[in-house]
Amino acid sequence: MAMGALTTTVLVDANVLYSKTLRDWLALSYLHGPDGWFEVMWTEDIMAEVLYHLRKDNPTFAEHQIGGVRDKLVGTFSAGRITGYTIDGDVEYPDVFDAHVHAAATHGQVDFVLTADGGFEKLQALLDELPYEIHSPDSFFCLLDDSSPRSIQKVTRMQLDYWQGRGESFNLCAQLNRAGAPEFADRVRAHLQAC
């Protein structure tokens, strides 16, 4: 991740924010990395999609368990809300449900779209060129580790301390593998050995 005078902006898709594992790594990296490392961008449409799937998959959760996720995300990434975008109806989107993310990314002039959705690669082929880079969670977190390994080691230590403090058996690398970030899991394994 090239860092310069301008902060890298990253629009995060709902499928990444839905995952507690990816959400936690994203928020902790954002909060505990170097100043101006990256800015997390989001939209109300993305938040609505996250909440819809959280409620659908957890019908007995209390309001604070669902709404609390939104409150924490919005509180943490308060400066990153994108508004005012419109969807180009002339584009034949491979997945029409990706249209709002593409429209927001283009309108917000973001640098990266962070998504676990392969449909964006099809969109890129359709449009020849996108004004942003597409990153999977795995490639994005590896970029963060390349950019500031000390920050990722710090976040790894924080994650380890949190789960040990709860007295629960928790495998950070296995969770990252299940969340679709196997290369990053290998890097975290190396950081754990240094902790």
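This report walks through the salt bridges and aromatic pairs of a predicted model.

## Ground rules

Residue numbers start from 1 along each chain as its sequence is written, and side-chain values use heavy atoms, with hydrogens and water left out.

Searching the whole structure turns up 8 salt bridges (a side-chain nitrogen of Lys or Arg within 4 Å of a carboxyl oxygen of Asp or Glu). One of them ties Arg-81 to Glu-44, at 3.6 Å from N to O. This pair links distant parts of the chain: Arg-81 sits in the loop between α4 (63–76) and α5 (99–107), Glu-44 belongs to helix α3 (residues 44–57), and the two are 37 residues apart. Helices here are DSSP runs (H or I, at least four residues), numbered from the N terminus.

How open are the two partners? Arg-81 has 44% relative accessibility, so it counts as partly exposed. Glu-44 is also partly exposed, at 30%. For reference, buried means under 20% relative accessible area, exposed means over 50%, and partly exposed is in between (1.4 Å probe, protein chains only).

## Salt bridges within helices

In α8 (residues 149–165), Asp-161 and Arg-157 are 4 residues apart, about one turn of the helix, and their side chains meet at 2.7 Å, N to O. Asp-161 is partly exposed at 38%, and Arg-157 is partly exposed at 32%.

Helix α10 (residues 182–194) holds Asp-186 and Arg-189, 3 residues apart, so about one helical turn separates them. Their closest N and O atoms are 2.8 Å apart. Asp-186 comes out at 46% relative accessibility, partly exposed, and Arg-189 is partly exposed at 33%. There's a network too: Asp-145, Asp-146, Glu-183 and Arg-187 are joined by salt bridges that share partners.

## Aromatic pairs

The whole structure also has 9 aromatic pairs. Rings of Phe, Tyr and Trp (its six-membered ring) pair if their centres lie within 6.5 Å; planes under 30 degrees apart count as stacked, over 60 as edge-to-face, and the rest as tilted. Phe-140 and Phe-141 have ring centres 5.8 Å apart and planes at 65°, so they're edge-to-face. Phe-140 is buried, at 0% relative accessibility, and Phe-141 is buried with a relative accessible area of 0%.

Both residues belong to one aromatic cluster, made up of Trp-25, Tyr-30, Trp-37, Phe-38, Phe-77, Phe-112, Phe-140, Phe-141 and Phe-184.

Methods:
This is a predicted model: local features need pLDDT of at least 70, side-chain atom pairs count only at pLDDT 80 or more; totals for chains, interfaces and linings use all residues.
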